[in-house]
Amino acid sequence: MNTHTFLKSTFLLCLVGIFTACGGTQKQSSTDESDSLNTHIIPKEQWLDTDGNPINAHGGGLLYHEGTYYWYGEYKVGKTYLPEWATWECYRTDVTGVSCYSSTDLLNWKFEGVVLKAVPDDENHDLHPSKVLERPKVVYNAKTKKFVMWAHVESADYSKAAAGVAISDTPNGEFTYLGSFRPNETMSRDQTVFVDDDGKAYQFSSSEHNQTMHINELADDYLKPTGRYVRRFVDQAREAPAVFKKDGKYYMLSSGCTGWDPNRAELAVADSIMGEWTVLGDPCRGVDADKTFYGQSTFVQPIAGKENAYVAMFDMWKKTDLADSRYIWLPIVVQNDTLTIPYMEKWNIEEVFGK
Ligand code: DGJ
């Protein structure tokens, strides 16, 4: 390790200690100067958009496109209920669609609207309010110049286990729904889409009744699988996959499978995306790390223009009032090739990763 790297690592560790110890009580929506700009990420607080409304984008992911981050997520409105037939805690809100927010600093988010809307007048449609729409992720296809959204779609009785795909010419929509299918005729629930440096895309999905992760290679248009897929994390019941690449290696952050309740996170690594994956263990550090700080992974975003700088995004589900679920965003700290996610009560990118 050179002196620069050593000093940077030591600085980061000190910051972790300071932030973990101090804590913050401030809302993300206020600042020391009491102007209207957010200056820090404050996990678990209510986060407000630039109009002053709570940010409503759950189970989502980011897309960095031409200098702007777009945040897509489940737009959860109204009462949380349990269907009459429920024998398990399948709490839900009516499907209202997928929201989109934009930001250049990952702190101040402008509401761009509901970019994939529910379809209330057709009860057979995947996007009818009675169905389930979760974990939307959007990627950009440089060849077709289209923005492609993949999401988990369910029938009202939660037996469909399929992926829904939508497309748009612009990042802030509106997206046109193309339909749903089971990738490679296999079940697909919690899911994410990852685009590699060579432009190839892959869908990771909890399959086989959530017991085994499938990695489905996507066709060049990103709209369907090629037919090539692998089964990984066999019988390990991983959910909420979030995939990123660092120094040529692929990482998958995921949760266990306990409904809306928190459990222990896990990080795994692979040299090749469809190759063998090695489980590294729980990267979370600090109070309640064994329960992912009461969160569940949803996405990992590399910070544009910085090296070894990633934001890990988690949802803090409130299962009986899902619309009031909160967000936990934390830095991934890289030290001597070890990746950890320390809890910080209040932080920002410049403080942790430098200007
Ligand atoms: C865990 C999944 O990660 C969530 O997206 C949601 O489907 C809940 N299960 C439902 O219980």
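Colleague: In the hairpin of β11 and β12, which residue takes a positive phi?
Modeller: Tyr222, near 65 degrees; this hairpin has six residues between the strands. Strands here are DSSP E runs of at least two residues, numbered from the N terminus.

Colleague: What should I know about the model and the numbering?
Modeller: The model is predicted, so local features need pLDDT of at least 70 and side-chain atom pairs pLDDT 80 or more, while totals for chains, interfaces and linings use all residues. Residues are numbered from 1 along each chain as its sequence is written, and side-chain values use heavy atoms, without hydrogens and water.

Colleague: How many bridges join β11 to β12?
Modeller: Five, and the two strands run antiparallel. Met213 stands opposite Arg232 in β12. Two strands count as paired if DSSP finds at least two bridges between them.

Colleague: And how many join β10 to β11?
Modeller: Six, again antiparallel. Ser205 has His214 in β11 as its bridge partner. Four residues lie between β10 and β11 in their hairpin, and Glu208 in that turn has a positive phi of about 50 degrees.

Colleague: Are the residues of β11 buried or exposed?
Modeller: Seven of its seven are buried, meaning under 20% relative accessible area with a 1.4 Å probe, protein chains only. Met213, Ile215 and Glu217 point one way, and Thr212, His214, Asn216 and Leu218 the other.

Conventions. Buried < 20%, exposed > 50% of the residue type's maximum accessible area, 1.4 Å probe, protein only.
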